[in-house]
Amino acid sequence: MAQLTIQDQRRAPNTVSERETGAQSERHSPDRESLVWVRALADTGPEHEAAVERLHALLLRAARLEVGRRRPAVDSREADDLAVEAANDALVAIMKKLHTYRGDSRFTTWAYKFALLEAAAKMRKRPWQGREVPLKADGWAQVRDDGRSSPAAQAEASELIHAVRDAIAEVLTPHQREVLVAITLNDVPIEVLAERRGTTRGALYKTLHDARHKLRAELAKDGLTPDQPRRRGAATDRR
């Protein structure tokens with residue numbers, strides 16, 4: 001007798017898209033507490049105000065922890081001021097992006113990250129207060145080999161540095177050159193550069209991406225990449 005298989009009355013997903021949709025639905029189901037948070041914050045009136053107050057307290061705790069972790073050169077009063085600013089900015093960002101919360105993690109975990117990122121950004125920006133942002137490539141000596149490598153390795157490193165320096169000067173626009181040099185060579189935090197130039201981090205990331213793409217293409221013409229020294233004779237072959 002053939003074995004009888006009892007099937008569930010619910011139709012199982014029979015296509016890849018249906019299975020993916022089901023998996024996403026399950027993955028994006030917020031827990032009950034998270035739903036309460038989102039509904040209260042999206043509401044108006046006393047419930048909204050109470051939720052905002054509780055959320056700000058949570059963000060402030062997170063910001064204070066992050067500032068405290070990074071605060072060796074910051075006095076306690078300044079550290080708390082930075083934490084409060086970070087919590088305030090995180091709260092504004094969360095309210096703007098509340099509609100993007102999908103439940104991949106608990107709401108408090110999702111919100112906590114905003115405070116950590118804001119606090120970290122403010123601590124990175126702090127040393128640059130009142131300082132001029134260097135946009136010129138004056139720090140090539142800082143990226144040279146430390147002398148512990150073999151003479152051959154040092155020569156290859158020097159060759160690569162010269163090739164990158166020449167490519168930066170030849171193929172990048174002035175704006176791309178300044179952004180690349182400031183961020184990668186002079187260690188200017190991207191938040192600071194965006195603020196000084198009146199632009200956004202996203203715009204600077206795009207500029208940085210385009211600049212790196214141009215450099216790779218230019219170095220590849222000589223058979224050279226940041227991980228591979230120039231092939232002997234490649235430069236003369238190109239000429």
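Asp187 sits in the loop that links α7 (174-185) to α8 (190-197), helices and strands being DSSP runs (H or I, at least four residues, for helices; E, at least two, for strands) numbered from the N terminus. The model is predicted, so local features need pLDDT of at least 70 and side-chain atom pairs count only at pLDDT 80 or more, while totals for chains, interfaces and linings use all residues. Residues are numbered from 1 along each chain as its sequence is written, and side-chain values use heavy atoms, with hydrogens and water left out.

**Asp187**

- The phi angle of Asp187 is near 55°, a positive value in a residue other than glycine.
- Most residues other than glycine have a negative phi.
- Asp187 is exposed, at a relative accessible area of 55%; buried means under 20% relative accessible area, exposed over 50%, and partly exposed in between (1.4 Å probe, protein chains only).

**Whole protein**

- The protein has 10 helices and zero strands, and its elements run α-α-α-α-α-α-α-α-α-α from the N terminus on.
- Of its 239 residues, 33% count as buried.
- The accessible surface of the protein is about 15,800 Å², and carbon and sulfur atoms hold 51% of that surface; accessible areas come from the Shrake-Rupley method with a 1.4 Å probe, and for residues only the protein chains shown count as cover.
- Among contacts in the protein with a separation of 6 or more, 67% join residues 24 or more positions apart, where contact means heavy atoms within 4.5 Å.

**Helix α3 against α4**

- Two packed helices are described by the angle between their axes and the distance between the axes.
- The axes of α3 (residues 46-69) and α4 (residues 76-97) come within 8 Å and cross at roughly 135°; axes are lines fitted to C-alpha atoms, for helices over the stretch in contact, and angles run from 0 to 180 degrees between N-to-C directions.
- α3 and α4 are therefore oblique to each other, since angles under 35 degrees count as roughly parallel, over 145 as roughly antiparallel, 65 to 115 as roughly perpendicular and the rest as oblique.
- The α3 and α4 crossing is right-handed; a crossing is left-handed if the near helix is turned anticlockwise from the far one by less than a right angle, and right-handed if clockwise.
- On the α3 side the contact includes His48, Val52, Leu55 and His56, and on the α4 side the contributors include Ala79, Asp80, Leu82 and Met95.
- The residues of this α3 and α4 contact divide into 16 nonpolar, three polar and two charged; Ala, Val, Leu, Ile, Met, Phe, Trp, Tyr, Cys and Pro count as nonpolar, Asp, Glu, Lys and Arg as charged, and the others, Gly among them, as polar.

**Helix α2 against α3**

- The axes of α2 (residues 32-42) and α3 come within 7 Å, crossing at roughly 120°.
- That angle makes α2 oblique to α3, and the crossing of α2 and α3 is left-handed.
- Trp37, Ala40 and Leu41 of α2 meet Glu47, His48, Ala51, Val52, Arg54 and Leu55 of α3.
- In the contact of α2 with α3 there are six nonpolar residues, one polar and two charged.

**Helix α5 against α8**

- α5 and α8 pack at about 70°, with axes 8 Å apart, and are therefore roughly perpendicular to each other.
- Ala121, Arg124 and Lys125 of α5 make the contact with Glu191, Val192 and Glu195 of α8.
- The residues of the contact of α5 with α8 divide into two nonpolar, no polar and four charged.

- Arg106 is in the loop between α4 and α5 (107-125) and is partly exposed, at 41% relative accessibility.
- Not counting residues up to four places away in sequence, Arg106 touches Asp31, Glu33, Ser34 and Tyr101.
- Arg106 and Leu35 are 71 residues apart along the chain, and their C-alpha atoms are separated by 9.3 Å.
- Val36 is placed in helix α2 and is partly exposed, with a relative accessible area of 43%.
- Val36 and Phe107 lie 71 residues apart in sequence and 9.5 Å apart in space, C-alpha to C-alpha.
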